Each structure stands twice: as C-alpha cells, then as structure tokens.
Amino acid sequence: MRIGIIGSGVAGSLLAEGLLGAPGQEVTVFERVAEGEHAEAGTGLNLGPNALKALRLHNPARHAALRAVSLPWNRWTVELADGTPLLDLDMLEVAEEPGVRIRWSELYRVLRAPVAGATRHGHALEALEEDTAGRLVPVFRRPDGSLAREGGFDLLVGGDGRYSRLRALAAGEPVPEQLGLCIYRLLVSEADDCPFDDYGQWFEGANRLLAFRVPGNAVYVAGTFRIFGDTSIPDYARRPVYQRALFTPSSGQPSPAVTWMLERIERHFDDIHWARTQQAPILRHAAGGRALFLGDAAQAMVPTLGQGATQAIEDGVLTAAILRAGGDAEAVARLRDPRVAFVRDLSRAASDTILGTDPVAGTRKKGEPPFLDALRRLYTEVPERV
Ligand SMILES: Cc1cc2nc3c(=O)[nH]c(=O)nc-3n(C[C@H](O)[C@H](O)[C@H](O)COP(=O)(O)OP(=O)(O)OC[C@H]3O[C@@H](n4cnc5c(N)ncnc54)[C@H](O)[C@@H]3O)c2cc1C
C-alpha cells in the first residue's frame, strides 16, 4: 500500500514514524518547507498531559525525547490582572502525568528527525489528479516553480494544517467559524527577571494574558481580547498603548507578573504574531476514503485548552496504530471523531471567560467537580489499544 503524507508537522511526522517499517506499507512525507526550516520557530506552546499519555503508550521514544527538551506543566494558576488569585490547580489532580511547555522549533525538530529519510522537502501540494487505477496523484510545486508528480497513492493523508490544501482539493474549502477573538503570541528571550514560571492566566474583564517559561531562559506570552464588527483585527488594537490599557486593572495596580508582561509586550511589539481565533467543521476523510485528514486539517479548534497540537499528537500516534492493524480512514473516523468532538466542545465551553462571562465566576466554576471531571476525561481518556 502506498501512503503519501502531506505535511511533516505534528500529526504528519508522528504518523510517518509510526508507519515506518510496517510490512506492506510504503510511506513518503511531502513537506513544503526546506529541510531544517522549522518555520513556526519563535513561539512556544503547552501540550496537555493527554499528548504525553498518547506518546507514552504508543511512541515511548518520542515521549522521552519531548520530555528531554521541555519543562513540565505541573500547575495551572489563574489570577485577576491585579494579582487576586482565582485558581491554583495541581495538574496531577486531573492527570496521570504533567503536560509540557516547549518551544515550537524544538517540537518540530524532535518530531521531524525520525522521518527525515522518508521526507521530500520543497514539495508544496498544489493540485490533485487520478491515475488509471483510480489512485490519487498529488501534484507538487517545487521551489524553482516547476511541477512534480510522484505517482499514485492508495491513501493520501492531509497533515498540512489549518489551511489544508489537500482538504480544499478533495472536499472544498471549509467555512471557518470566527469567534470574534484576537490572539497574539510573543516569545520573550533573556527572561532572567521574569517573576513567574509555570502556566498562568491573568484576566482584566474578558481580556486575558497567558504565559509560562519555556526552555532556554525564554517566556511565551499570549494575549487574547475580543474584536467586534467585521472581525478583522482593527489597526488601533495593534498599538502598545491600546494593549497596555486592555490589561491595566481598573481597580488598582497590575500585579508584578502583569507589569513584567506589559513592559515586554511594549518592548518587543514588532515581533508579535497576530491571529484571529476560528474553528472549522470536523472532516475526517473524503474521496471515498482515499484522502484522510489529521490534526488541524481535520479539526482546527479554539486554542483555549491548548489542545490543537495535543490532538494532532493523539491523531498521529493512534492513526498509525489503526493503519498498521489494517484499518482504514473510516476506522480512524470511528475512533477519533467522538473524542475530537468532546475536546472541541470542552475547549469552546472553557472559552466562556474570554468571551465575556465574568472571569471570577467563570474561573471559580473551573475549580468545581463538573469541570474538573471533564478535565480528567480530557487528560486521561487515551486508549492503549485501537
Ligand atoms: C495562537 C495559537 C496558539 C496555540 N497554542 C497551542 C498550545 O499551546 N497547545 C497546543 O496543543 N496547540 C496550540 N495551538 C494549535 C497548534 O498550533 C495546531 O493545532 C497544531 O500545530 C496542528 O498540528 P498539525 O500537525 O495539524 O499541523 P501543523 O503542525 O501546522 O503542520 C502542518 C505542516 O504541513 C506543511 N504544509 C502546509 N501546507 C502544505 C502544502 N500545501 N504542501 C506540503 N506541506 C504543507 C507545513 O509546512 C507544516 O509542516 C495554537 C494555535 C494558535 C493559532
């Protein structure tokens, strides 16, 4: 069986690694960026304990490698911007092991290394054709502008992220749902004087700062605020003075943590990466099961619980196990779609406080049994067998 994977991101790399050496399966990964170019390098992310459980059960070598280049995510604290504490959660109350805090460049480096020999770089999927045997033939644009065809594939897997070209070609462009939220990210280096370490959130009304240390004496900072009207990010919001006003408490002085972040946001304003929060309908396969979608290509979701890359990890390792056992795209859908729907619904429900619910009442609810039970399901319900 010839399997072509489009994109050596999170899901694509893990799927490829899990299939390497599987009898009767020939796997090739096609990646648009050049070898060693980890394009998203520069920011950080947190991976949920469920990503680590999925790796521990299905790819222990990658579990160890990720632990080695990351910091543990042990606690989750929430405060108001003036420092009033709202939540202090020990992750082991709801999980079997901590999550991780990591730099994007390190995540990609660690996941891509084992599949380097099976990856064709500088191959950007552009079009889709069919051969006489009814197999899909991907057409790639090369860096010199030429087109390349690598033959027909029994299965093409879209691991090509939230703007998946494979999904657009095989099933049409998904219509994204805008949540009316701007989220921006910044990686601050040389952070010796940072007054916090593990995963924290700070609220002023619905405006939220989220930050944590990552390896290499750096701190990841993400700001979230609501946008109205036509939902594009207005120019006036992309100004330091506006951002300072958003997170300055009406009730008093910002806490030392918020003061530190506001100063760094101002100092590194030009390095900020701005985005709008959106999600797309789940789609697992198309073209009669010949095209399979994983990670953001299948299920772009709101980043509130840090589950985008985490679910891409679950997708990658569990899909490898299913395909190795002789399963098909429909078997992947049966296992993954209910789980992903649960995670998306929970992420959406947990977004209440950035969408306008009072942060004090909304956060207190997150410390109560119904939400903690849902988090326990999120962080532990990863199957050992498929
Ligand atoms: C602001 C923000 C913060 C986030 N924070 C977190 C977090 O803390 N925790 C978390 O778990 N998730 C987080 N996410 C989500 C996370 O970034 C994604 O869910 C995750 O990267 C999806 O992985 P993937 O494997 O589907 O795709 P990606 O990792 O995006 O990989 C896609 C790959 O496909 C390649 N590619 C794309 N198009 C083509 C093409 N046409 N041909 C060939 N190759 C192609 C790309 O170069 C890339 O290598 C965040 C997202 C945002 C926007």
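User: Which residues does Q279 touch, not counting residues up to four places away in sequence?
Analyst: The model is predicted. Q279 is found in strand β17, residues 273–279. Leaving out residues up to four places away in sequence, Q279 touches P176, E177, L179, A300, M301, V302, R344 and R348.

User: Is Q279 buried or exposed?
Analyst: The cut-off for buried is under 20% relative accessible area. Q279 has 10% relative accessibility, so this residue counts as buried.

User: How far apart in space are Q279 and P176, C-alpha to C-alpha?
Analyst: P176 is among the residues that Q279 touches. In sequence, the two are 103 residues apart. In space, C-alpha to C-alpha, Q279 and P176 are separated by 5.5 Å.

User: What is the relative accessible area of G158?
Analyst: G158 is found in strand β12, residues 155–158. Not counting residues up to four places away in sequence, this glycine touches I6, L166, L292, F293, L294 and A297. G158 is buried, and its relative accessible area is 0%.

User: What distance separates the C-alpha atoms of G158 and A298?
Analyst: Along the chain, G158 and A298 are 140 residues apart. Their C-alpha atoms are separated by 8.1 Å.

User: Why is helix α4 largely enclosed by the rest of the structure?
Analyst: Helix α4 spans residues 104–112. Its buried residues are W104, S105, L107, Y108, V110, L111 and R112.

User: What covers the buried residues of α4?
Analyst: The cover includes both helices and strands. The strands among them are β3 (44–47), β7 (99–103) and β13 (177–188). The helices among them are α1 (10–19), α3 (60–68) and α9 (308–324).

User: Which residues come nearest to the ligand?
Analyst: There are 34 residues around the ligand. Y108, one of the buried residues of α4, is in the nearest group. That group is A11, E31, N46, Y108 and D296.

User: Where does the largest share of the shell around the ligand come from?
Analyst: α1, β3, α4, β9 (124–130), β13 and α9 each supply at least two residues of the shell. By class, the shell has 15 nonpolar, 12 polar and seven charged residues. The largest share, four residues, comes from α9.

User: Which side chain does a polar contact of 2.7 Å join to that of T304?
Analyst: T304 sits in the loop between α8 (296–299) and α9. This threonine is buried, with a relative accessible area of 7%. Beyond neighbours within four places in sequence, T304 is in contact with Y199, R208, S347, A350, S351 and I354. The 2.7 Å polar contact joins the T304 side chain to that of S351.

User: What kind of aromatic pair do Y236 and Y242 form?
Analyst: The whole structure has 16 aromatic pairs. In this one, the rings are 5.3 Å apart centre to centre, with 65° between the planes. Planes over 60 degrees apart count as edge-to-face. The pair of Y236 and Y242 is therefore edge-to-face.

User: Which residues do ring pairs link into a cluster?
Analyst: Y199, one of the contacts of T304, belongs to the cluster. The linked residues are W73, W76, Y199, F212, Y220 and Y379.

User: What is the phi of E190 near?
Analyst: E190 lies in the loop between β13 and β14 (199–204). At 63% relative accessibility, this residue counts as exposed. Most residues other than glycine have a negative phi. E190 is not a glycine, yet its phi is positive, near 50°.

How values were computed. Residues are numbered from 1 along each chain as its sequence is written. This is a predicted model: local features need pLDDT of at least 70, side-chain atom pairs count only at pLDDT 80 or more; totals for chains, interfaces and linings use all residues. Side-chain values use heavy atoms; hydrogens and water are left out. Buried means under 20% relative accessible area, exposed over 50%, partly exposed in between (1.4 Å probe, protein chains only). Contact means heavy atoms within 4.5 Å. A residue is near a molecule or strand if one of its heavy atoms lies within 4 Å of it. Ala, Val, Leu, Ile, Met, Phe, Trp, Tyr, Cys and Pro count as nonpolar, Asp, Glu, Lys and Arg as charged, and the others, Gly among them, as polar. Rings of Phe, Tyr and Trp (its six-membered ring) pair if their centres lie within 6.5 Å; planes under 30 degrees apart count as stacked, over 60 as edge-to-face and the rest as tilted. A polar contact is a pair of N or O atoms within 3.5 Å; within protein, one must be able to donate a hydrogen and the other to accept it, and residues adjacent in sequence count only if both atoms are side-chain atoms.
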